[in-house]
Amino acid sequence: MQVWPINEKKYENMSFLPPLSNQEIAKQVQYLVNNGWVPCVEFANQEDGFAIGGNSANVMSPGYYDNRYWTMYKLPMYGCTDPGQVLEEIYNCKMENPGCFVRLLGFDNVRQVQCAGLIIVRPDQGAAPMGGGYSAPPQQMAPPPPPPPAAPTYNYSW
């Protein structure tokens with residue numbers, strides 16, 4: 001096992017994987033929506049898309065890093081149950097912000113935490129493309145699966 005190289009840029013979750021295909025991105029969006037999480041699309045310039053700090057001596061708190069906050073593309077998609085709408089917003093963000101990173105976040109509005117986050121589009125950097133990402137809106141998406149059955153309720157009389 002190796003440690004992360006010094007001065008190597010750190011990116012978001014799943015950034016060490018090869019670029020996701022459109023079908024793999026659609027599955028991630030489907031998973032996010034099926035869990036009832038609020039989708040949010042964000043973007044950042046190429047130079048701001050990586051984490052800075054983390055292990056530096058001038059950081060006073062553990063787990064701190066700069067560039068964790070990116071610019072939101074529109075508002076979070078509260079109440080969205082259609083993965084096709086999320087994929088369309090990812091596509092629109094990519095077209096309106098060429099050369100930028102685009103990531104998808106999923107927020108649980110009950111627990112008030114971020115539950116998912118992954119880079120969808122990575123800009124090309126030099127000769128080695130980091131490309132991939134979502135390239136076109138889907139033609140047709142399968143409907144989401146039905147919600148799980150409600151847990152039975154019991155009435156106890158003491």
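Biologist: Which residue stands opposite Q114 in β6?
Modeller: F107 does. Keep in mind that this is a predicted model, where local features need pLDDT of at least 70, side-chain atom pairs count only at pLDDT 80 or more, and totals for chains, interfaces and linings use all residues. Residues are numbered from 1 along each chain as its sequence is written, and side-chain values use heavy atoms, with hydrogens and water left out.

Biologist: In what sense do β5 and β6 pair?
Modeller: Antiparallel, over seven bridges, with β5 covering residues 101-108 and β6 residues 113-121. Strands are DSSP runs of E, at least two residues, and helices are runs of H or I, at least four, numbered from the N terminus; two strands pair if DSSP finds at least two bridges between them.

Biologist: New topic: how many salt bridges are there?
Modeller: Three in the whole structure, counting a side-chain nitrogen of Lys or Arg within 4 Å of a carboxyl oxygen of Asp or Glu. One of them joins E42 and R103 at 2.8 Å, N to O. E42 lies in strand β1 and R103 in strand β5, so the pair ties together parts 61 residues apart in sequence.

Biologist: And R111, buried or exposed?
Modeller: Exposed, at 54% relative accessibility. Buried means under 20% relative accessible area, exposed over 50%, and partly exposed in between, using a 1.4 Å probe and protein chains only. R111 forms a salt bridge with D108, closest N and O atoms 2.8 Å apart, and D108 is buried at 12%.
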